[in-house]
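Please take a moment to look over the sequence and the model shown here before reading on. The paragraphs below go from the places where chains meet to the build of a single chain.

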Amino acid sequence: MGNHALSYGAMLGRSQVIAAYPITPQTQVVELLSEMCADKTLDAMFIKVESEHSAMAACLGASLSGARTFTATSAQGLALMHELLHWASGGRLPVVMGNINRAMAPGWSIWSDQNDSLSQRDTGWIQFYCANNQEVLDTVIQAFKVSEKLLIPSMVILDAFTLSHTYEVVDIPEQEKVDEFLPPFKPEITLTPDDPHAFGGLTSPEHYFELRYKLQKDMEKVEALIEKTGREYEKMFGRYLGIVEEHLCDDADLIFITSGTMGSTAKVGVDELRKEGIKAGNLRIKVFRPFPFDVVRNVIKGARKVAVVDRNISYGHHGMFFQEVKSAVFGHSDGIPIFGFITGLGGRDITPSTFREIAQYVREKEKPEENIVWIGVKK
Amino acid sequence: MKKKNRAQKIIFKSEKEFPLMPMSVGSMLFNKTGAWRNIKPVIDLENCIQCGICWKFCPDVAIIIEDEWPVIDYDYCKGCGLCAEECPSKCIAMVEEEK
Amino acid sequence: MSKEKKMRLSLPEEELMNSGHMACQGCGATLAMRYVLKALGQKVALCIPACCWSVIDGPFPYSSLDVPIYHCAFETAAVSASGVKAGLEMVGDTETTVVAWAGDGGTFDIGIQALSGVAERNDDILYVCYDNEAYMNTGTQRSSATPYGAWTTTTPVKHFKNRPKKDMEAIMAAHRIPYIATASVGYPEDLFKKVKKAKDIQGTRFLHIYAPCPSGWKSRPEDTIKLARLVVQNAIFPLYEIEWGEKYTLNIKIKEKKPINDYLRIQGRFRHLKKEEVAFIQEEVDKKWERLLANVNGNQ
């Protein structure tokens with residue numbers, strides 16, 4: 001299942017310290033990792049912490065000591081870690097974390113929704129949104145490499161149940177080849193008495209600014225590094241990850257912009273629309289942070305209309321992918337109408353007919369009349 | 001003493017000089033906390049019994065042992081008075097700082 | 001200089017803490033660090049959450065200690081230390097002693113969950129709580145370590161702290177960890193011995209050090225050691241060890257408990273107490289002492 005793909009990624013990546021707390025629908029990730037540590041398939045220390053906040057705290061301590069660390073969580077757990085997400089990025093600690101996108105409570109939900117991870121988009125973490133189990137495994141391994149090179153933490157994100165619990169055939173690379181691709185984590189500076197430093201001390205206005213400037217500057221190098229790492233991975237394992245997945249966008253009049261598993265559903269929707277003579281296409285964004293401004297602009301520049309589909313909402317504003325796409329396009333690709341749709345919150349099913357409905361709506365309008373078009377709400 | 005002489009205030013002129021993560025690259029020894037005090041301890045070595053108690057109870061490591069005798073490092077002594085208070089032979093006097 | 005004899009130092013001369021740090025005059029917390037580092041040596045890694053010591057050490061880009069420090073998030077001292085220990089072991093360093101160094105706030109209150117988790121798992125760290133009995137770093141607000149009767153900014157004189165100090169030793173003993181000890185900066189040799197003993201034990205070790213704070217207690221800086229001695233001699237803060245949550249050993253035996261008034265009188269934070277309130281505190285101290293003696297004698 002998708003969760004196990006995360007575990008295998010963490011195992012093949014030779015994680016050294018894992019600290020995690022169970023939460024539906026992430027539990028299988030940590031259960032399998034627990035077994036792997038117990039039977040020594042994975043040589044790692046598994047700290048069975050008593051909360052997600054402690055999970056991230058333990059990972060940060062271990063990462064600072066020079067160990068490769070991994071954890072996984074979802075929704076409430078991710079929110080509980082929030083303070084420490086800032087710590088990871090500000091402290092330049094390359095923790096890799098799996099997050100299962102699950103709706104934030106209340107109402108208490110275990111089903112798919114992107115608000116949990118998108119609420120953390122400002123914390124300085126690289127964010128990957130996956131749509132199939134193979135992608136999950138490949139992304140985790142590459143995330144270690146990218147994170148450790150630039151010392152910025154990453155999260156690899158899966159939809160609850162639709163991806164986390166769906167079984168698919170996955171090609172599991174050989175450990176030796178992964179070792180060749182991903183050398184051990186050997187940071188220059190770590191917490192050690194042989195070279196004592198005080199990390200994370202009181203930082204005055206004289207100094208804080210430059211430290212954060214440096215983080216952003218390094219974030220700006222991430223996209224190119226993901227591409228480069230992706231090409232290296234392709235050479236060794238035959239699969240290229242990429243920043244986005246384009247499906248029939250070249251000649252499309254209407255492009256859907258999607259993420260996660262609904263991006264796969266969108267492809268089916270696109271194919272159906274194409275059969276009816278509608279030139280639809282789908283752009284699935286795989287890397288959300290750093291946001292791929294140029295790639296997105298480039299793909300949509302030939303389209304007549306763009307429909308961004310969000311499984312999330314920033315209350316008092318709009319869908320978050322919608323916000324970000326519009327900001328990417330502002331001042332460029334002038335004039336392409338960008339429509340924002342919100343659907344699927346709390347795990348409400350997204351099907352190919354969702355995309356037909358969206359296409360129908362867009363066809364009837366010259367340009368967007370509202371910033372949020374709700375699809376599927378019982379009004 | 002050597003450590004003290006090496007410590008200096010650190011000024012970064014550009015972001016390039018900053019370490020990547022916020023970490024210390026210098027010692028607080030540059031910070032002469034002696035400037036904090038209003039009264040200072042003076043040891044009367046004639047009556048000192050070399051018990052080491054003043055050295056032991058100094059929170060600022062401002063009493064060092066030189067040739068078996070306690071010596072106050074006035075660069076750092078904050079004038080808390082613990083040495084004078086704890087000295088069993090009462091040979092440390094707290095006197096007003098000269099202006 | 002009429003005599004030519006050697007200095008008799010009761011502790012090793014080498015210092016791992018340097019001058020120039022930001023502590024107030026007469027700070028007990030600095031003495032605690034100084035003694036603990038003398039006992040542990042240089043091969044340590046400290047995890048320091050928000051507390052006085054996160055400021056005392058000095059701001060970025062300086063430090064006043066010759067050992068590595070991880071300034072970690074407030075609630076996480078214990079578990080950050082666990083993480084550091086796990087990380088160091090996995091990169092091949094099994095020698096470095098990992099120490100969580102927290103104030104009473106980060107131990108009794110906001111950090112108690114992480115500490116309980118670490119203790120329950122018996123993670124291999126040395127947890128040291130230096131106790132100045134309030135949130136001193138933020139300006140003397142009450143903590144659950146603030147003793148009954150004390151003034152703090154959040155327990156002003158008209159509403160002084162009217163709940164007893166949390167019995168942290170009892171809480172830690174309930175976790176059945178290998179070693180718990182109380183210590184005071186007024187008894188540095190006892191503290192030193194305990195740290196040395198704790199260093200060689202595997203598992204979670206908890207050390208609770210009494211560290212007077214002239215700024216927050218409104219006491220004279222030069223009285224810090226006197227307070228740290230009186231508090232043991234009047235049994236408000238007896239010095240004892242608990243092994244595996246069961247075996248109690250009293251370290252400083254007291255023939256006649258000193259009355260608490262000598263101790264309360266020289267701290268401004270208790271100055272408002274009426275006779276009956278002092279009598280009540282004395283009664284509570286007496287009862288607690290009897291309970292401790294019962295544990296020591298019964299060893300159960």
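Seven residues of chain B are in contact with 14 residues of chain A, where contact means that the C-beta atoms of two residues, placed from the backbone, lie within 7 Å. On the side of chain B that touches chain A, five residues are nonpolar, one is polar and one is charged; here Ala, Val, Leu, Ile, Met, Phe, Trp, Tyr, Cys and Pro count as nonpolar, Asp, Glu, Lys and Arg as charged, and the others, Gly among them, as polar. This is a predicted model, in which local features need pLDDT of at least 70 and side-chain atom pairs count only at pLDDT 80 or more, while totals for chains, interfaces and linings use all residues. Residues are numbered from 1 along each chain as its sequence is written, and chains are lettered from A and ligands numbered from 1 in the order in which they are written.

Chain A also meets chain C, with 40 residues of chain C in contact with 38 residues of chain A. On the side of chain C, β1 (44-48), α2 (52-56), β3 (69-71), α3 (77-90) and α5 (112-121) each supply at least two residues, and the largest share, 11 residues, comes from α3(C). Sorted by class, this side of chain C holds 20 nonpolar, 13 polar and seven charged residues.

Chain C as a whole has 11 helices and nine strands, these being DSSP runs numbered from the N terminus (H or I over at least four residues for helices, E over at least two for strands). The radius of gyration of chain C, 19 Å, is close to the 19 Å that the globule rule gives for 300 residues, so chain C is as compact as a globular protein of that length; the radius is taken over C-alpha atoms, and the rule is 2.2 Å times the number of residues to the power 0.38. Along its principal axes the C-alpha trace of chain C spans about 60 × 55 × 40 Å.

Within chain C, helix α1 (residues 28-40) packs against helix α7 (residues 188-199) at an angle of about 45°, with the axes 8 Å apart. The axes are lines fitted to C-alpha atoms over the stretch in contact, and angles run from 0 to 180 degrees between N-to-C directions. Residues making this contact include Tyr35(C) and Val36(C) of α1(C) and Leu191(C) and Phe192(C) of α7(C), and the residues of the contact divide into eight nonpolar, no polar and three charged.
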